[in-house]
Amino acid sequence: MAQNRSIEHGADIDVGLSRDLKLFDITMIGVGAMIGAGIFVLTGIAAGEAGPALVMAFLLNGIVTSFTAMSYAELGSAFPEAGGGYLWVKQAMGGLQGFLSGWMSWFAHAVAGSLYALAFGTFAVELWHLAGLPMIETTVLHFAGPEFMRLLFMTFIAILFTVINYMGASETGSIGNIITLAKVAILALFVVFGVIALFHQEAWHYRFTDGFMPNGFVGVFTAMGLTFIAFEGYEIIAQSGEEVIDPKRNIPRAIFWAIGISVIIYVLVAFTTIGAITVPTEFPGMAAFEYLGIEKETAIVRAAEQFFPLGVGGILLLISGLASTMSALNATTYSSSRVSFAMGRDHNLPEFFGRIDPQRHTPVWAVVFSGVLIVIMAWALPIEAVAAAADLMFLFLFFQVNISAMVLRNNKPDLDRGFRIPWFPVVPVIGLITQVVLIVFLFRYDPRAFLTAIGWIVGGALLYYTIFSRIEELEAPSEILLEEVLVSADYSVLVPVSSMQEAEELGKLGALIAKDQQGEVMALHIARVPPQLTLADGRYFLREGRAFLERLIQEARLFEVPVHTMIRLGRDVPEAIRKTAIENAGDMMVLGWPGYTASAGRLFGNVIDTIVDNPPCDIAMVRYRGMDQIRSILVPVSAGPNSRRAVRLAASLARVVENGPARVHIMSVVPHNAPQHIRVRAQQAINVSQEGSRTFENFTTELVEGQRIDDAILETAKNYDLIVIGATEEPLFRNRLTGSIPARIAKNAETTVIIVKRRSGVIRSMLRHTVVSPSTGAASNGHTQPEAAALIDEDAPSPGI
C-alpha cells in the first residue's frame, strides 16, 4: 500500500492507493490511450490537413512527444504518486501554477475521454446500421435521429467505464489489457491486408512522391497538433505512479515502450491507408487523402472495407474501433479521476474528491465527477472541437511539466531518480519550443477550442483565488513554530542560525548592518524535520531553536537593534530560508561559513551553495576569524555591481563600529609593469565602485602590482581587520557561486572575510531555476594577471582588481 500521511483532529490517517499494476499493465494502459483516438478517430481528419505527409506528421509527433516524455519519465520515477504532472508542478512552482496544472490535467483527460466516448458512439451507430437494426429517425432534443443515438451510446459507455474504474485498479487494468491486445491484433491484420492491397494499386508510390505535402508545413503542423492527443498516454502512465509495483524502474520503461509501440502502429496504418485506399467513383478526380478527410472519423473503416477479404473489414474495424475507444476511455477516466483525487487530497478541490472507498480502495467521488465531466463535454461540443480543446490542455500542461523538470533538477539535485533526462536542459527546452509551435497551429485550426481552453483556465484561476487558496492555507500544517515581532522596520537583515557560535558571530555582524540602515535583524532558525516525521511533529524542535535566537538577541541588544525572531519547520533547509527571505522582503542575508564543508561536490556546503547560487536578496557570506575591533577594512574591487555592493557594505560597517568611522581601503590589482590603459581601467573600477557611497568620506585607494591576484590581496590584507569582497558576477547563461578568487581569499586570509553577492533579477532567477545548471563553485588553483582578473567580479572589461 502506498501511503500519504495526513493529520486530522490530531490523528494519523493513511490516505493511499494499493500497488497492483505491473510493467505490462501500465504499458498497456499507455498503449490503450495512445492508439485510441489517433488511429480510429483522427486519421481521416488529419489526412485531410497533411495529405500523404500524415506519415511524417505521426513520426514527428513521436519524436516531439519524446522530449516531454523524458521529463515525465524522470519525474514519474522520482515522485511515484497519484497526480502526475499536477504533483510535479505543485512541487516545483506551487500556488496558482500548481493548482492550474491539476485543473488543466483533469479537464484534458476528461475531454479526451469525451472524444473517445463520442467516437465509440459513432462506431456503435455504424455497426447498428450494418446489422440492419431499426434507427431512430425523428429529431430528439434538437439532435437528428442518428446523432441522438450516437449520444446515447456515448453516455452508456461513459457510465459503464465510470463504474469499472470505481471497481478498482486491478479490474480496470485487466479489462484494459484485454481490450488493448484485441485492437492491436486487429490493426496488425489491417496493416497486413493493407500492404497486400497496396501492391494491387497502380503506381501507389506516386501518392507519396507527387504532392507529398499539399498544404505545406502548415498542414503537417496542424495535423500534428490535432493528433498530439493520441500521444498523451505516457501522462496516464505517470498518473498511475501510486499504484505501480517498483515505480522507479517500471514507469520510465513503460513510457518509452508505449511510445515506441504506438508510433510504429501509427506510421504503418497511415502509410497503408493513404497508399492502398481506392477513391469511390462518386468522387471523381479526388485524391486519396482528400477522400479520407471527407470521411473523417469513419475513414479507416472505409479503408478496411476495401482491404479485408469477404467484406468483413468494415465490421472488424468497427469492432476494433469500439475496442480502441473503450480502452482509451478506460485510461482517461482512470487518469482524470486520479488527478482530481490528488487535488482533493491537497485541498485544491472539495475535500470529498480525496476520499477513498474503504472496500474498493478507489477514489469514489473523483471517479464519479470525472465521469460526469466526460458526459457533459461530449454533449456540449462537436468532435473536432473536443479533440482540439483536449490537445490544447495537454500542450499547456506539458509546457508546465517541462519547466518543472528543469526547476526540480536544479532545486532538488539529490532526489532519487530512476531515470535522468539526457543532454539537460536542451531536451526540455526543445519540448517547450515545439509545444508553443503546436499551440499556435491549433489556434489557427479551431479558435473555439482555444477559447474553451482559455475559459477553463480563467475559471480555474478565479476559483483558486476566491476559494481553494484560502482552504489550502487553512488546511496546510503551519511551518512557523514561533514568530515574535517587536517593531516594524523598512530594512531587514536576515540571519539564519543553527548553533550558538553562529548566533554570536553572525548576530553581531547583522546588528551592525541593520543599525546603519536603521533597520531590524530577522533571526531565523530552521528546524529540519526528518522524512519519517510529519511537519506537525516538528514542535519538538522548538526548545533547541529558542536558545539560538536568545543568544542572537543578546548580541543585537548591544547595538540597540530590534530583532524579529522566527523558528520555521522544513524538510529542505535552503528552500525554507529562501521562502522566509521572499515572504518577509529581506534586504540582506548574512550566512556563516566555517571554512570547510563535508558535502561532496559543494564549495561552501549544501545550504550556502543552494542559496548563493540564486540569491533571493543581497548576500553577505562570512568566514569569521574574529571582529573584536575594526579600525580598517580592505575592499578589493573590479568593475561590476557586486564590487559596488561590497564597498557600500564596508562603508556601512565602518560608520557604526566602535570608535568609528573605520578606514575603508579600496584596492585593485594590476600586473607588474602594466601599460597605462590597464592602469586607467583599474582606476576607473575603483571610482565606479564608490557609487552609492559618496556620503562616506573615510576612503583610501590604491593600485597594487602583483602577478597573482589572490597573493597580492592576501599580502595587503595582513594590515587590515576585515576584508569585504564582491563575488564574481555571472554571465546570464552561466552559474558561479562566488568565483575562485573570493573563495580562496575567504579560505586563506588570517582575518574575517565577507563575500558580497547581489540578489538575482527576475530573468536571471528564472533561468537559475530552470535552464542553468546549479553551480558547484569554481575549481581553480590560482590565476595570474590578466586572465583571471575578471573572476573577482563581473566578466568586466577591467583587467585589474
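The protein chain holds 27 helices and 13 strands. Helices (H or I, at least four residues) and strands (E, at least two) are DSSP runs, numbered from the N terminus. This is a predicted model, in which local features need pLDDT of at least 70, side-chain atom pairs count only at pLDDT 80 or more, and totals for chains, interfaces and linings use all residues. Residues are numbered from 1 along each chain as its sequence is written, and side-chain values use heavy atoms, with hydrogens and water left out.

Of the 801 residues in the protein chain, 60% are buried. Buried means under 20% relative accessible area, exposed over 50%, and partly exposed in between (1.4 Å probe, protein chains only). Among contacts with a separation of 6 or more, 82% link residues 24 or more positions apart. A contact here means heavy atoms within 4.5 Å.

**Helix pairs**

Two packed helices are described by the angle between their axes and the distance between the axes. Axes are lines fitted to C-alpha atoms, for helices over the stretch in contact, and angles run from 0 to 180 degrees between N-to-C directions.

| Helix pair | Axes come within | Crossing angle |
|---|---|---|
| α6 (residues 95-130) and α14 (residues 313-345) | 8 Å | roughly 160° |
| α4 (residues 54-78) and α11 (residues 247-276) | 9 Å | roughly 175° |

Helices α6 and α14 are therefore roughly antiparallel, a term for angles over 145 degrees. The contact of α6 with α14 involves 21 nonpolar residues, 10 polar and one charged. Ala, Val, Leu, Ile, Met, Phe, Trp, Tyr, Cys and Pro count as nonpolar, Asp, Glu, Lys and Arg as charged, and the others, Gly among them, as polar. Helices α4 and α11 are likewise roughly antiparallel. Their contact has 21 nonpolar residues, five polar and one charged.

**A buried threonine**

T752 sits in strand β13 (residues 752-757). T752 is buried, with a relative accessible area of 0%. A polar atom of its side chain lies 2.8 Å from the backbone nitrogen of R625. Beyond its neighbours within four places in sequence, T752 touches residues including Y624, R625, G626 and L722.

**Loop residues**

A cis peptide bond joins F424 and P425, with omega about 0°. P425 belongs to the loop between α16 (383-411) and α17 (426-445).

H347 is not a glycine, yet its phi is positive, near 65°. H347 lies in the loop between α14 and α15 (364-380), and is partly exposed at 21% relative accessible area.

E560, also not a glycine, has a positive phi of about 55°. E560 is in the loop between α20 (542-557) and β6 (563-570). E560 is exposed, with a relative accessible area of 74%.

Terms used:
Parallel < 35°, antiparallel > 145°, perpendicular 65-115°, else oblique. Polar contact = N/O pair within 3.5 Å; in protein donor to acceptor, adjacent residues only side chain to side chain.
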